[in-house]
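Please look at the sequence and the structure shown here, and keep both in view while reading. The paragraphs below are meant to be followed with the model open beside them.

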Amino acid sequence: MSETSGPYLFDVGVIALAHTETPVRASALSYVRDAITGDIDAIVPYPALFGAHTVLTTYYGHSNTDASRLLENFMDAKRIHWYDEMPDEVVRGGLSRSRDANVNGWDGYYAQVAIDEGVNTVLTIDYDFEQFDAFDTEVILSPDEFSELNRFLGE
């Protein structure tokens, strides 16, 4: 666990990585376990589950059935704050952030949710969120772990 504090917003990559059998999943899994047990204050936007499903099936080789089962089980975690809104102002704010920071639309949306929900730290496996000053970004994989993950994925 890092020195940063919650509440934490979980990005797609962290959710997907925690539900794999990769050699570098430990960090992601520790955060997911802490969120499930309520040891950390976690916010997960429902759309992140669809993104994680896509990552699990496209990159990690899970079947649709297995990915759905894993994520449905994750959804049963009652101590996680499940962000289930997509109001116009959040969508517009996300698109604006995407444009201004030159990141993909999903990252802009998650950044806007993080801001609206008072998130202190976004947990992620990429560096795009570091462009936003409204919250801390914790990239959960070291450069060596990224390399190991890329080797595992055959990239």
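The model is a predicted one, in which local features need pLDDT of at least 70 and side-chain atom pairs count only at pLDDT 80 or more, while totals for chains, interfaces and linings use all residues. Residues are numbered from 1 along each chain as its sequence is written, and side-chain values use heavy atoms, with hydrogens and water left out.

The protein contains seven helices and five strands, where helices (H or I, at least four residues) and strands (E, at least two) are DSSP runs numbered from the N terminus. Along the sequence these elements follow the pattern β-α-α-β-α-α-β-α-α-β-β-α. The radius of gyration is 15 Å, close to the 15 Å that the globule rule gives for 155 residues, so the protein is as compact as a globular protein of that length; the radius is taken over C-alpha atoms, and the rule is 2.2 Å times the number of residues to the power 0.38. Along the principal axes, the C-alpha atoms fill a box of roughly 35 × 30 × 30 Å.

Of the 155 residues, 48% are buried, a word that means under 20% relative accessible area, whereas exposed means over 50% and partly exposed lies in between (1.4 Å probe, protein chains only). Among contacts (heavy atoms within 4.5 Å) with a separation of 6 or more, 63% are made by residues 24 or more positions apart. As for charge, there are 9 positive and 27 negative side chains, and the centres of the two sets lie 5 Å apart; Lys and Arg count as positive and Asp and Glu as negative, while His and the chain ends are not counted, and the place of a charge is NZ of Lys, CZ of Arg, CG of Asp or CD of Glu.

How many aromatic pairs does the structure hold? There are nine, where rings of Phe, Tyr and Trp (its six-membered ring) pair if their centres lie within 6.5 Å, and planes under 30 degrees apart count as stacked, over 60 as edge-to-face and the rest as tilted. The rings of Y8 and Y31 have centres 5.8 Å apart and planes at 55 degrees, so this pair is tilted. Because Y8 lies in strand 1 (residues 8-10) and Y31 in helix 2 (residues 26-37), the pair ties together parts that are 23 residues apart in sequence. Both Y8 and Y31 are buried.

Y46 and W82, in contrast, form a stacked pair, with 5.5 Å from centre to centre and 10 degrees between the planes. This pair links Y46 in helix 3 (residues 46-58) with W82 in strand 3 (residues 81-83), 36 residues apart. Y46 counts as partly exposed at 30% relative accessibility, whereas W82, at 13%, counts as buried. Together with F74, Y46 and W82 form one aromatic cluster.
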